[in-house]
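Q: Please take a close look at one metal site in this structure and describe it for a reader new to it.

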Amino acid sequence: MTTVDVGAVGKAGIAVNYRTCRFTGLRIEANAETLIKVNAVAAVVFLALGGLMGLLVALTRWPAIQLLPAEWFYLVLTGHGANVLLFWIIFFEIAVLYFASAVLLGARLATPRIAWLAFGLMIAGALMANYAVLRGDSSVMFTSYPPMMASHWFYLALIIFAVGALLAVMVFFGTLVVAKEEKTYDGSVPLVTFGAITAGIIAVFTLASGAIILIPTWLWSIGVISQIDTLMYKVVWWGMGHSSQQINVSAHVAIWYAIGAMVLGAKPLSEKVSRTAFLTYILFLQLASAHHLLAEPGMSSSWRIVNTSYMMYLAVMGSMIHGLTVPGAIEAAQRRNGFDRGIFEWLTKAPWGNPAFSGMFMSLVLFGFVGGISGVVLGTEQLNVLMHNTLYVPGHFHGTVVAGTTLAFMAMTYLVVPLIFQRDIIWPGLARLQPFLFAIGAGGISLFMMGAGTLGVARRHWDISLTDAVHAFEYPPGAYMMMALNGIFAVLASIGGILFILIVVGSILRGPRLDGTNAKLTFPLHDASREAVSKYGSHATVKLPGTIVLVGIFFAAFVLYYFVNWKYLSDLWLFR
Amino acid sequence: MAIKPPANRLWWNDPIHGVELGWIIIAFLWGLFMFFFMIAWHFIGEQNLSSETYRIRPEKYQEKVEAFAQQHQAKDQNGAPLEEKGVPVVRPPAGGDVYILARLWEFWPIIELKKGQSYRFHISSVDWQHGFSLQPTNINISVHPGYEHVINLTPTDTGTFGVICNEYCGIGHHTMTGRIRVVE
Ligand code: HEM
Ligand SMILES: [Cu+2]
Ligand SMILES: [Cu+2]
């Protein structure tokens with residue numbers, strides 16, 4: 001894949017070598033490439049570990065199996081949350097940030113030494129957190145609400161990890177500056193880089209909140225501070241916990257655009273709209289941490305309303321806009337590629353056999369329909385009381401962060417392996433199947449956990465039959481069925497997850513090398529020469545009937561589901 | 001392409017796609033509608049969680065609950081105080097205050113209410129955070145130590161209701177339950 005090698009020595013004395021990618025024409029610098037590799041590999045390792053824990057949790061919550069004893073269940077659930085939500089996602093995001101800065105802008109990575117330091121700290125933090133959890137005295141869930149106390153190793157581990165991640169984000173910003181100064185690109189940064197910048201800015205805010213809350217908590221755990229106010233903790237903790245989800249959204253939306261561009265040659269319908277939609281994430285979503293506090297004492301209604309609506313809905317609007325512009329850009333590109341018949345030929349003839357595309361598109365659909373709609377409902381001031389802390393909550397966020405973010409990251413990996421590791425994907429048949437298995441599994445666990453939550457089943461709960469409880473209470477049979485279905489779909493998702501890991505690790509180690517001159521990709525990228533000479537001029541004039549239909553279905557589902565929940569709410573006891 | 005700098009350097013002058021504009025307007029109006037609907041529910045709806053909260057020391061709260069239980073404990077036919085599995089059954093006066101104590105790992109005491117009567121529920125914890133989850137009605141409220149949350153509740157149907165804890169509170173979390181009965 002290497003055609004040009006330019007050797008130079010950077011100021012810091014670290015060699016700067018570039019190669020030009022034969023498939024994309026991108027100029028890739030060696031340090032950036034290595035750091036993308038190590039961060040991506042670390043991400044996949046923690047996904048494997050955390051995913052396995054997820055399966056154990058789901059099998060324990062399947063009433064007929066109840067695999068683990070209670071102590072182990074809470075321990076493994078804590079480990080699951082930390083390994084997947086923090087370590088898998090954030091390691092991968094660092095790789096995405098380096099990719100979107102150094103690779104897409106054709107620049108060198110700023111300060112590779114600091115990037116290595118960041119990586120080292122993150123690894124140390126992640127390992128230490130797993131050590132703390134496996135010791136058995138830190139089964140406090142990754143939210144670690146006081147006054148329940150974990151071992152001080154647990155908090156220290158998270159602080160070290162966060163400092164590492166913050167350094168890595170700084171390297172990303174440094175790389176942007178380097179690219180600008182060395183004029184490696186012309187005009188404005190690409191849309192994908194813009195999305196990554198959004199993610200980076202939110203990451204700084206998030207990690208700062210994390211430090212503000214975790215450092216005193218750590219001091220408390222070693223006895224320096226005597227008390228932590230539980231309500232204050234939740235407010236600040238969710239300043240981190242919620243905004244960090246905005247990093248995920250920004251990152252996976254940027255990936256949707258990237259995959260659309262690389263696999264289909266999609267251009268944004270209009271740069272202005274897509275960029276403004278990213279901006280709404282920065283401007284409005286941090287404050288939505290409030291929607292985690294709707295069922296807490298002492299929060300005034302006006303505070304709840306302002307923070308959950310004015311702020312949140314403007315950011316929701318951002319996601320709804322991407323929900324149109326991403327499929328819209330794909331439809332426009334496909335019509336230009338010659339699939340112009342009827343309303344849906346662009347979609348039916350899309351490269352569904354390419355796991356990068358199929359994963360990306362299913363991530364888009366599931367994020368919108370499952371994660372997005374349920375999130376708005378859950379975040380509505382009054383509706384929250386219907387599902388606060390029930391399994392509905394994990395149901396919702398497996399729709400966002402598993403079926404949405406994780407699936408998008410998996411899809412992106414099918415491009416990162418050939419382009420950065422320069423190895424082709426092995427087992428193309430299984431690779432084709434993998435995104436579907438994972439999407440069905442992840443979509444299933446999201447929906448069935450939401451269903452169980454609607455029937456009142458609690459989250460983070462070992463035994464819905466309440467065998468050892470004094471005042472036992474019978475859940476309806478439907479709740480048991482939901483938990484069994486959740487278990488079955490968890491097995492499907494896990495098979496999808498295991499396949500992903502085998503394919504990726506296998507490809508990196510044993511995949512056909514792509515650096516020879518004749519090597520071809522199993523899953524080809526967009527080839528501009530295939531574009532039909534079409535009647536379409538600028539994207540701004542393309543007709544998008546298919547996207548309009550899809551978005552119309554989405555909107556109808558949204559409105560319907562929203563009002564169904566108000567109906568449920570109106571059947572509750574009266575709050576007067 | 002989205003991975004290349006915009007072809008038009010002055011991209012902010014590019015026209016907006018008509019479909020995009022239409023969708024932005026719809027999304028914005030829908031957001032606005034949802035915003036006003038939340039406010040409207042404060043006037044048209046019966047389910048608005050109260051935010052009345054007092055700071056209280058956990059020991060003080062425990063004393064209040066114990067006094068409440070002693071004062072209103074139900075009596076059986078023979079006039080003996082009514083208990084269930086060692087937990088007092090308490091019949092607060094209609095329209096009066098109800099005190100519930102959340103602690104590792106129970107909601108204490110058992111409460112008996114009259115359907116259609118309004119009660120002032122006080123809820124707080126004396127140790128860790130807990131989650132008050134009333135089933136099968138599915139009302140879910142967080143419980144903090146040091147904060148006494150006061151909620152007005154009017155039961156609309158009769159029967160035996162379970163209270164389970166849905167905020168993780170340690171190894172006994174899944175055994176943490178309580179009971180509320182509603183009679184005609
Ligand atoms: C094989 C795939 C997965 C399965 C089967 C699975 C299953 C589950 C289940 C059953 C729960 C427990 C809900 C409860 O009892 O409260 C859970 C919790 C959770 N999962 Fe997953 N999950 C998977 C993948 C993921 C991924 C990829 C992420 C993040 C990117 C994730 C994030 C979380 C988080 C944050 C929690 C909450 C932990 C807590 O309550 O502290 N899961 N998962
Ligand atoms: Cu509890
Ligand atoms: Cu609990």
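A: The following account concerns the copper site of chain B, ligand 2. This is a predicted model, in which local features need pLDDT of at least 70, side-chain atom pairs count only at pLDDT 80 or more, and totals for chains, interfaces and linings use all residues. Residues are numbered from 1 along each chain as its sequence is written, chains are lettered from A and ligands numbered from 1 in the order in which they are written, and side-chain values use heavy atoms, with hydrogens and water left out.

The copper ion (ligand 2) is held at 1.9 to 2.5 Å by B:His130 through ND1, B:Cys165 through SG, B:Cys169 through SG and B:Met176 through SD. Donors here are N, O and S atoms within 2.8 Å of the metal (3.2 Å for Na, K and Ca); water is not among the atoms, so sites may look incomplete. The angles among the four donor atoms run from 91 to 132°, and the site is tetrahedral, a term for four donors with all angles between 85 and 135 degrees. Along the chain, the donors follow the spacing H-x34-C-x3-C-x6-M.

Finally, the copper ion (ligand 3) lies 2.6 Å from the copper ion (ligand 2), and B:Cys165 coordinates both.

Terms used
Tetrahedral: all angles 85-135°; square planar, octahedral: opposite > 155°, others 65-115°.
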